[in-house]
Structures are given as structure tokens and as C-alpha cells.
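Here is a short briefing to read with the model open beside you. Take your time and find each residue on screen as it comes up.

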Amino acid sequence: MKALARIILHQLLFAVWLLAMWVLYCTPACTRPIEHLIAAPFAVLIPTAVIMRRLCSDPRFIRWAEELER
């Protein structure tokens, strides 16, 4: 089940990163794309890691994940 959670995390992370890149490069407010390219992964990775850590330590999520295995 941990492998499935890891795959889902990677897919969500990639989707959010793509969305962040689209917002940064497709909006007229972007004046320094290189700085945004460097900062965007950190802006996405840190909150995602915090959310996944809280989610994976929640007993309700663990029970739900175990039910999916059955």
C-alpha cells in the first residue's frame, strides 16, 4: 500500500508542479522566469510533504488504505 501511496503522491506532485509552471509562464505578471523556475519546486514540495506526512499518520487514512488492499 505504501507503494500505491507513493505513486499517487508522485502523480499529484507532478500535476501541481505542472500547474505551477503553467501559471508562472502563461501569466503576464511573470517578469523573472528563471527565479520562478528555481523557486517553484520548493514552493510545491514543502507543503506537499507536510500534507502527506499528516495524511499518512492519520489512523482514518491508514484504515482506508488497508480496506483498499482487501
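F61 is buried, with a relative accessible area of 18%; buried means under 20%, exposed over 50%, and partly exposed in between, with a 1.4 Å probe and protein chains only. This is a predicted model, in which local features need pLDDT of at least 70, side-chain atom pairs count only at pLDDT 80 or more, and totals for chains, interfaces and linings use all residues. Residues are numbered from 1 along each chain as its sequence is written, and side-chain values use heavy atoms, with hydrogens and water left out.

**Aromatic pairs**

- The whole structure holds 2 aromatic pairs; rings of Phe, Tyr and Trp (its six-membered ring) pair if their centres lie within 6.5 Å, and planes under 30 degrees apart count as stacked, over 60 as edge-to-face and the rest as tilted.
- F14 and W17 make a stacked pair, at 6.4 Å centre to centre with 25 degrees between the planes.
- The pair of F61 and W64 is tilted, because the ring centres are 5.6 Å apart and the planes are at 35 degrees.
- F14 and W17 are 3 residues apart in helix α1 (residues 2–26), so about one helical turn separates them.
- F61 and W64 are also 3 residues apart, about one turn of the helix, and both lie in helix α3 (residues 59–69).
- W17 is partly exposed, with a relative accessible area of 28%, and W64 is partly exposed too, at 45%.

**Overall layout**

- The protein chain has 3 helices and 0 strands; helices (H or I, at least four residues) and strands (E, at least two) are DSSP runs, numbered from the N terminus.
- Along the sequence, the pattern of the protein chain reads α-α-α.
- Of the 70 residues in the protein chain, 17% are buried.

**Buried residues and their contacts**

- M21, in helix α1, is buried, with a relative accessible area of 9%.
- Not counting residues up to four places away in sequence, M21 touches H36, L37 and A40; contact means heavy atoms within 4.5 Å.
- T48 sits in helix α2 (residues 33–56) and is buried, with a relative accessible area of 18%.
- Leaving aside neighbours within four places in sequence, T48 is in contact with L9 and L13.

**The surface**

- The protein chain exposes about 5900 Å², and carbon and sulfur atoms supply 70% of that area; accessible areas come from the Shrake-Rupley method with a 1.4 Å probe, and for residues only the protein chains shown count as cover.
- Which residues form a nonpolar patch on the surface? They are M1, L4, I8, L12, W64 and L68, with about 540 Å² of accessible area together.
- The elements giving two or more residues to the nonpolar patch are α1 and α3, and α1 gives the most, with 3 residues.

**Confidence**

- The mean pLDDT of the protein chain is 79, and 89% of its residues reach 70 or more; pLDDT is the predictor's confidence in each residue, from 0 to 100.
- Among the elements of the protein chain, α3 has the highest mean pLDDT (85) and α2 the lowest (79).
- Where pLDDT is low, predicted coordinates should not be read in detail.

How values were computed. Patches are made of residues with over 30% relative accessible area and no salt bridge: like charges are joined within 9 Å, nonpolar side chains (Val, Leu, Ile, Met, Phe, Trp, Tyr) within 5 Å. A salt bridge is a side-chain nitrogen of Lys or Arg within 4 Å of a carboxyl oxygen of Asp or Glu.
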